[in-house]
Amino acid sequence: MTRFVIRRLLLTIPILIGASLLIYAMVYALPGDPVRALAGDRPLSAAVQAQIRADYNLDDPFAVQYAKYLWGLMHGDFGRDFSGRPVLETIGQRLPVTVKLTIVAVVFEALFGITAGILASLRRNSFFDNLVLVSTTLLVSIPVFVLGFLAQYTFGFKLGWFPIAGVADGWVSYLLPGLVLASLSMAYVARLTRAAMLEAFSADYIRTARAKGVGRSRIIIRHGLRNSLIPVITFIGADIGSLLGGAIVTESVFNLPGLGRAIFDAVRSQQGTVVVGIVTLMVFFYIFFNLVVDVLYAVIDPRIRYE
Amino acid sequence: MGTCGLWEGAGLSETILSETMRRRSPVATLFAVVVLTVVVLTASGLAGCSSAPSTPPGMFSVYLGEPQRPLVPGNTTETEGAKVIGAVWTPLVTFDKESRAVTYDGAAESVTSSDNVHWTIKLRPGWTFHDGTAVTAESYVRAWNYTALSTSAQGASYFFSNIQGYDDLQAGDDGGPAATEMTGLWAVDKDTIKVTLAAPFAIFPLTLGYHAFDPLPEVFYADPTAFGKKPIGNGPFRADTEWVPGRGIALSRFDDYAGMDKAKSRGVVLRVYTELSTGYTDVLAGNLDILKNLPPDAYASAKDIFGDRYLEQSSPDITSLGFPLYDPRYADVRVRRALSMAIDRKAITEAIFLGTRVPADSFAPPTVVGYRAGACGKWCEYHPDEAKQLLAEAGFDTAAPVEIWFNAGAGHDGWMIAVGNMFRKIGLTYKLRGNLQFNEFLSKRDAKEMNGPFRLAWLMDYPSIENFLAPQYATAALAPTGSNTTFYSSQAFDAALAAGDRAPTIEAASIAYERAEDILVDDLPAAPLFHGLDQAVWTKRVSNVEYDILGEIVLANVIVDGEAV
């Protein structure tokens with residue numbers, strides 16, 4: 001097991017380097033001149049433009065630019081954005097926001113999604129089952145920004161149950177955006193759980209357990225749910241990975257200064273070092289949580305072993 | 001107040017863990033593992049976590065977009081950063097709200113010259129920076145030289161280009177700058193600055209109202225990056241804490257401020273938002289005190305909802321349709337006049353912008369000295385029949401579509417489509433070229449790659465019509481080093497501008513600039529379309545909210561809870 005984890009972690013190094021190269025190349029290939037955009041409609045004297053280009057290595061050919069970036073990286077220097085702020089500082093300031101939002105979203109997603117899925121599978125074709133079906137269809141089909149503004153207006157402004165925007169109220173600030181962010185995945189989790197549970201209920205071992213006289217709740221949790229969790233865990237794990245990359249729309253609507261907005265701005269202003277720094281971090285999260293999921297497989301299902 | 005997430009996060013996970021361990025169900029254990037991983041991840045290497053600026057008693061909050069540059073006056077040329085600079089610094093000169101004439105209520109006592117070349121700036125004595133050091137003539141001279149020097153890479157460098165010796169501070173193709181100090185600039189004594197310009201410039205005092213001319217304290221040069229996060233100026237508000245990206249900054253009243261416009265509140269929180277709609281909802285709910293610019297769905301209703309807590313003012317900008325004069329198809333002035341007369345400006349401002357834009361009838365907005373109503377005359381009016389006739393006279397090829405260029409994702413699609421449809425009405429077809437990102441659009445425009453009319457916009461730096469003529473249409477300002485992207489070049493126009501620059505008084509200069517505008521109207525390198533409208537709303541907590549002539553809220557004047565400090 002330990003060897004498996006170490007091997008997987010080592011494997012992430014070439015993947016991260018490859019990813020950073022790819023991302024750097026893509027930002028480099030974006031049309032237009034980032035320094036020109038900095039000036040906007042106003043003039044920026046030629047000599048000043050040249051100086052900014054020199055400061056950010058923008059005159060160098062791609063290979064040299066990337067090599068300089070990697071060299072800096074090996075010395076712990078993630079580069080600077082156009083306002084001279086170290087990328088690492090930006091990440092340090094914005095990651096906690098994104099992490100908190102992710103935690104809240106995943107808690108909602110798992111809690112409501114799995115519970116709804118179990119209940120729906122237990123009372124198949126009942127009113128509750130149909131309710132879950134309809135409401136999840138609805139959630140999946142509404143764009144996040146509509147849901148966000150709607151929730152903000154209704155629960156934040158009209159009813160005043162939650163803060164409207166910003167992070168000034170600590171964890172409470174994250175409840176509403178977390179719920180909005182979780183809504184889509186919550187729907188998937190509910191459906192995944194329901195389907196997997198139904199499948200499990202028709203399996204032989206459930207019948208055996210029933211015949212042995214095992215209690216109902218024990219059958220559901222111990223035998224049914226445990227065997228149904230693999231697809232759900234896979235989904236949630238992947239979801240954590242992508243949520244940690246920042247949720248541009250939700251962060252904008254609720255004015256949360258997280259990673260999503262930072263990367264959006266950086267792409268628009270073609271700040272290669274910022275984009276690469278953040279996206280590479282996202283890639284790492286994604287790989288890491290996939291690894292966590294793989295490890296969890298073994299915990300859930302003793303038949304799975306990693307040697 | 002903001003809470004720091006790390007320990008709270010750890011607390012939460014502990015609770016969850018202990019709770020679930022007791023029950024020991026596999027689901028809960030799994031769940032706990034997930035939470036634990038996330039928390040461990042948070043704990044590793046996430047030291048920084050600043051609290052968001054909330055609004056302490058006696059202070060008020062204002063909407064702000066994320067600034068793109070460090071908070072240094074000579075490096076901030078975009079509007080959002082300029083709002084912070086405007087609160088932390090006081091410019092040399094100010095302007096009368098009604099006449100828009102220069103007043104000396106700022107840091108300078110007088111700005112004088114006998115020949116428009118040699119200028120003497122007298123500072124008001126006794127001013128200090130927020131760090132307690134004195135503001136002297138040297139604080140200005142050193143800051144200006146620093147900003148002008150190309151190797152400092154400051155965005156507002158070009159503002160000093162008319163001072164003698166500026167060229168020596170620019171790096172050439174063959175190496176670094178020849179000098180680090182402009183020959184035409186020196187501090188005579190503690191309170192006197194002498195400036196020698198490369199050429200006469202009658203409205204030089206007006207330009208000093210721009211924040212690029214603000215002074216910098218000595219501490220700036222030690223660490224410009226740190227300074228750019230926590231600026232130290234000479235203005236009514238001081239920064240107590242660092243700028244937090246994505247969140248904003250809290251500024252408190254500078255009690256030792258020597259200027260006349262002392263802050264009437266305890267301070268201001270500039271809070272960063274990414275969505276106008278969110279800011280608007282926050283004002284409605286009373287969480288944000290002042291919002292300038294409204295989301296489109298509030299254009300119509302804001303006036304009724306806010307009543308006397310709503311204020312609008314024509315903003316000092318202009319949006320035009322520029323013509324690529326280098327393209328033979330648009331080289332004939334009759335074609336340009338026809339296309340300009342084909343546009344129903346009133347319909348666009350009312351139907352598309354719901355009255356939040358004002359049709360342009362001049363090359364400058366009404367907010368500048370030298371503006372004349374109707375200066376553009378007939379060419380800026382709606383005459384579709386005449387337009388059609390002119391096109392026929394000029395032999396314009398109506399079969400090929402007119403390609404209309406603008407940048408994507410900035411809300412220009414609606415009115416550009418309207419312009420296209422108006423062209424269609426006079427027998428043309430059009431093609432929208434609106435899929436370019438801003439920087440790509442700018443680069444193409446500089447490189448003469450527009451093959452049809454394009455979006456052209458300008459925001460005022462100082463309230464003279466000259467600011468809307470020279471930077472956009474003078475030969476000296478040709479792109480890519482300047483902003484003349486129509487590549488208009490007229491000796492008569494340049495001469496009229498120069499005559500204005502040499503004029504003995506600002507008033508006389510204005511008359512000469514008006515002549516320059518007449519030449520521009522005749523040649524019509526661009527079709528002026530509309531000016532913006534600034535709309536501000538505020539909560540009941542604050543009062544005395546007003547605009548300055550640049551269309552920004554005068555933060556120092558705002559009163560909180562009806563009680564001026």
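Into which domains is chain B divided?

**View 1. Chain B is divided into domain 1, domain 2 and domain 3.** Domain 1 takes in 59-66, 245-314 and 533-560, domain 2 is 90-223, and domain 3 is 316-531. These bounds come from an automatic or database domain assignment. The model is predicted, so local features need pLDDT of at least 70 and side-chain atom pairs count only at pLDDT 80 or more, while totals for chains, interfaces and linings use all residues. Residues are numbered from 1 along each chain as its sequence is written, and chains are lettered from A and ligands numbered from 1 in the order in which they are written.

**View 2. Domain 1 of chain B touches domain 2 of chain B.** Their C-alpha centres lie 30 Å apart. Domain 1 of chain B gives 6 residues to the contact and domain 2 of chain B gives 9 (contact: C-beta atoms, placed from the backbone, within 7 Å).

**View 3. Four strands of chain B form an open sheet with antiparallel pairing.** The strand order is 4-5-7-6 (strands are DSSP runs of E, at least two residues, numbered from the N terminus; two strands pair if DSSP finds at least two bridges between them). Strand 4 (108-113) and strand 6 (185-189) of chain B are the edges, each pairing on one side only.

**View 4. Strand 5 (residues 118-123) and strand 7 (residues 192-196) of chain B run antiparallel.** They are joined by 5 bridges. In this part of chain B, B:Lys122 stands opposite B:Thr192 of strand 7.

How values were computed:
Two residues are in contact if their C-beta atoms, placed from the backbone, lie within 7 Å. Ala, Val, Leu, Ile, Met, Phe, Trp, Tyr, Cys and Pro count as nonpolar, Asp, Glu, Lys and Arg as charged, and the others, Gly among them, as polar.
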